[in-house]
Amino acid sequence: MGKVMIFDHPLIQHKMSIIRDINTGAKEFRELVNEISTLMAYEVTRDLPLEDAEVETPVGKAKTKVIGGKKLGIVPILRAGLGMVDGMLNLIPAAKVGHIGLYRDPETLKPVEYYCKLPSDIEERDLILLDPMLATGGSAVAGIQFLKDRGAKNIKFMCLLASRVGIDLINKDHPDVDIYAAVVDEKLNDHGYIVPGLGDAGDRLFGTK
Ligand code: PRP
Ligand code: URA
């Protein structure tokens, strides 16, 4: 089964507390999603393989380490996943960015696919799939399957707020995928919203409603 990593860092917990607040407006919400994503990127990339290197300093030669191995790709699930992209790129600016368009049908709660553009060498990349919300898990599971169908082999899923049900569904359908979440809430309501959650992440990011 994939690893589930919940972030107990005080900065992340503090910022999550503010974005949950109904009184936090779109500008601050966007800034905080960006900041939390950067803080999480630090941990999500912790196991990147290093290679030996050597650099010429002003005083001599230094034996150093640089990131080696496979190249990275990040893939936001549209639309709310877009809010996490810049925060990730702050730390891994060379990563390629793919996009998957999925929206959750409000009646069936099932994900509907409407867009896909991925790096052409996706099968050679380590991928981090981004979506702030993991609720029923339908969108994340579909997004992961989408990437696997196109040859991706090494996928991590990163979200801000996860439900227990969503984590269990990913673990069941994609046990090879590690999950990274800032916070876990136990419940979903009848509309598939995380309770207490933070509301509709896409609407709060983009000021729609
Ligand atoms: C939200 C969210 C996830 C999905 C989570 O997207 O960003 O993609 O719902 O729910 P699930 O785990 O039950 O599938 P939404 O469908 O509202 O689209 P949006 O990002 O365009 O707002
Ligand atoms: N999508 C959201 O944006 N919020 C939820 O609570 C569930 C799905």
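A molecule sits in a pocket if more than half of its atoms lie within 2 Å of the pocket's grid points. By this criterion, ligand 1 sits in the largest pocket. Ligand 2 also sits in the largest pocket. The model examined here is predicted.

The largest pocket holds about 620 Å³ of space. Its lining consists of 27 residues. Tyr-103, Arg-104, Ser-139, Tyr-193 and Asp-200 are the closest of these to the pocket centre. Several elements give two or more residues each to the lining: strand S4 (71–78), S6, S9, H4 and helix H6 (201–206). By class, the lining comprises 15 nonpolar, eight polar and four charged residues.

Ligand 1 has 15 residues around it. The nearest are Arg-104, Asp-131, Thr-136, Gly-137 and Ser-139. Strand S6 (99–104), strand S9 (133–134) and helix H4 (138–149) each contribute at least two residues to this shell. The shell splits into six nonpolar, five polar and four charged residues.

Polar contacts to ligand 1 involve both backbone and side-chain atoms of the protein. A polar side-chain atom of Thr-136 is placed 2.5 Å from an oxygen atom of the ligand. A polar backbone atom of Arg-104 is 2.7 Å from an oxygen atom of ligand 1. For Ala-135, a backbone N or O atom lies 2.9 Å from a ligand 1 oxygen. On its own, ligand 1 has 500 Å² of accessible area, and the protein covers 90% of it.

Ligand 2 is surrounded by Arg-104, Met-133, Ala-135, Gly-192, Tyr-193, Ile-194, Gly-199, Asp-200 and Ala-201. Five residues of this shell are nonpolar, two are polar and two are charged.

In one, a backbone N or O atom of Ile-194 lies 2.8 Å from an oxygen atom of the ligand. In another, a backbone N or O atom of Ala-201 is found 2.8 Å from an oxygen atom of ligand 2. Gly-199 presents a polar backbone atom 2.8 Å from a nitrogen atom of ligand 2. The accessible area of ligand 2 on its own is 240 Å², of which the protein covers 88%.

The second largest pocket has a volume of about 330 Å³. It is lined by 16 residues. Leu-48, Ile-67, Leu-72, Ile-92 and Ala-94 lie nearest its centre. Nine of the lining residues are nonpolar, three polar and four charged.

The peptide bond from Val-195 to Pro-196 is cis, with omega about 0°. Pro-196 belongs to the loop between strand S13 (194–195) and H6. The peptide bond from Leu-78 to Arg-79 is likewise cis, with omega near 0°. Arg-79 lies in the loop between S4 and helix H3 (85–91). Leu-109 is not a glycine, yet has a positive phi of about 65°. This residue is located in the loop between S6 and strand S7 (111–117).

How values were computed
Residues numbered from 1 in each chain as written. Chains lettered and ligands numbered in written order. Predicted model: local features only at pLDDT ≥ 70, side-chain atom pairs only at ≥ 80, totals over all residues. Heavy atoms only, no water. Near = heavy atom within 4 Å. Polar contact = N/O pair within 3.5 Å; in protein donor to acceptor, adjacent residues only side chain to side chain. Areas by Shrake-Rupley, 256 points an atom, 1.4 Å probe, with all protein chains shown as cover. 1 Å grid on protein atoms, 1.4 Å probe; cavity = no way out; pocket = protein on both sides within 12 Å on 5 of 7 lines; lining within 4 Å. Helix = DSSP H or I, 4+ residues; strand = E, 2+ residues; numbered from the N terminus. Nonpolar A, V, L, I, M, F, W, Y, C, P; charged D, E, K, R; others polar. Points joined across faces, edges and corners; volume = space filled by probe spheres on them.
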